[in-house]
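Work through the following exercises with the structure open beside you. Try each task before you read its solution.

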Number of protein chains: 2
Amino acid sequence: MIKNDIALAIEKKTDFNRAKAMSIVEAVLESLKTALTGREKVEIRGFGSFKVVAKKTGFGRDIRRQKQIRIEKGQRIKFRPGQELKTLLSKPKSA
Amino acid sequence: MIKNDIALAIEKKTDFNRAKAMSIVEAVLESLKTALTGREKVEIRGFGSFKVVAKKTGFGRDIRRQKQIRIEKGQRIKFRPGQELKTLLSKPKSA
DNA sequence: ACTTCGATGATCAAGAACGATATCGCCTTG
DNA sequence: CAAGGCGATATCGTTCTTGATCATCGAAGT
């Protein structure tokens, strides 16, 4: 699924045209981006939650030279599915 | 940030009332849920991607009794932030 | 539809997360 | 506003994941 597919879904659920649906989808995504950029935790009941956590992993691998390389620490986004989503995933795909 | 906050953002970006904005947000989330439930990969450029992967972890811990417990295998959702989001997170919070 | 630019995949090592359950906080709803 | 239900947390072991880089596929835009 890509952004366009989501816009299509909105288009069906509302009376907007594709362009408008798309802009709405982007607005939602941008809201999430803004929140996460501010390192704010995003919690959506029934769907899941995004949390920004400091990452401590400090090593990586350079494939060309096959040697370890130092990696700067940074931020990571942790996504945890909510109960509903977990339940849905527990079912055999074609539920 | 919670669902209501996202609806607020939509409310500002459009001319909808809170209720309509909320229903739209839910429509977006439901689209994502549907896709993920079907084990479909969701890829949104600039934001991130969700991928459903089979988890093999098979052991856990019961806190009360402090003993190992068997854990059924299942599905996990992996979220990977896109380049834009990663870039934003690299900046010192109050960019 | 085509072009462009981004995302994925692979690798190796080390660090991190997940897993269940009980409790508390807090989001959600009437 | 109050009540209800869901989500987060902690524990400890095991497994997985990240991390960068290059090529390729695919998403997004024209």
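**Exercise 1. Find what share of the contacts in chain A with a separation of 6 or more comes from residues 24 or more positions apart. Then describe the make-up of the chain.**

Solution. 
- Note first that this is a predicted model.
- Residues 24 or more positions apart supply 29% of the chain A contacts with a separation of 6 or more.
- Next, count the elements. Chain A has three helices and five strands.
- Read them along the sequence. The pattern is α-α-β-β-β-β-β-α.
- Turn to burial. Chain A has 95 residues, and 36% of them count as buried.

**Exercise 2. Work out the strand order of the open sheet in chain A, and name its edge strands.**

Solution. 
- The sheet has three strands, in the order β1-β2-β5 of chain A. Their pairing is antiparallel.
- Look for strands that pair on one side only. In chain A these are β1 (42-44) and β5 (74-81), the edge strands.
- Inspect one strand pair. Strand β2 of chain A, residues 48-55, pairs with β5(A) over eight bridges, in the antiparallel sense.
- Pick out a residue pair. A:Val52 stands opposite A:Ile77 in β5(A).

**Exercise 3. Compare the reach of α2(A) with the value expected at 1.5 Å a residue. Then list its buried residues.**

Solution. 
- α2(A) has 20 residues.
- From first C-alpha to last, α2(A) reaches 28 Å, close to the 28 Å expected.
- Buried residues of α2(A) include A:Ala21, A:Ile24, A:Val25, A:Ala27, A:Val28 and A:Leu29.
- Further along α2(A), the buried residues include A:Ser31, A:Leu32, A:Lys33, A:Ala35, A:Leu36 and A:Thr37.

**Exercise 4. Find the phi of A:Arg39 and of B:Arg39, and place each residue.**

Solution. 
- Start from the general rule. Most residues other than glycine have a negative phi.
- A:Arg39 has a positive phi, near 60°, and is not a glycine.
- A:Arg39 follows α2(A) and lies in the loop between α2 and β1 of chain A.
- A:Arg39 has a relative accessible area of 43%, so it is partly exposed.
- B:Arg39 lies in the loop between α2 and β1 (42-44) of chain B.
- With a relative accessible area of 44%, B:Arg39 is partly exposed.

**Exercise 5. Determine how chain B can be laid on chain A.**

Solution. 
- Apply a turn of 180° and a shift of 0.0 Å along the axis. Chain B then lies on chain A with an RMSD of 0.1 Å.
- Name the relation. It is that of a two-fold axis.
- Locate the axis in chain B. The C-alpha nearest to it is that of B:Phe79, 3.0 Å away.
- Compare the contact surfaces. The same surface serves both copies, as 100% of the contact residues of chain B recur in chain A.

**Exercise 6. Is B:Ile24 buried or exposed? Identify its contacts.**

Solution. 
- B:Ile24 is found in helix α2 of chain B, residues 18-37.
- Its relative accessible area is 2%. The cut-off for buried is under 20%, so B:Ile24 is buried.
- Set aside neighbours within four places in sequence. B:Ile24 is then in contact with A:Ile10, A:Thr14, A:Phe16, A:Ile24 and B:Phe16.
- Take one distance. B:Ile24 and B:Ala7 are 17 residues apart in sequence, and their C-alpha atoms are 8.0 Å apart.

Technical notes: Residues are numbered from 1 along each chain as its sequence is written. Chains are lettered from A and ligands numbered from 1 in the order in which they are written. This is a predicted model: local features need pLDDT of at least 70, side-chain atom pairs count only at pLDDT 80 or more; totals for chains, interfaces and linings use all residues. Side-chain values use heavy atoms; hydrogens and water are left out. Two strands pair if DSSP finds at least two bridges between them. Helices (H or I, at least four residues) and strands (E, at least two) are DSSP runs, numbered from the N terminus. Buried means under 20% relative accessible area, exposed over 50%, partly exposed in between (1.4 Å probe, protein chains only). Contact means heavy atoms within 4.5 Å. The expected span of a helix is 1.5 Å times one less than its number of residues. Copies are superposed by least squares on the C-alpha atoms of residues with pLDDT of at least 70 in both.
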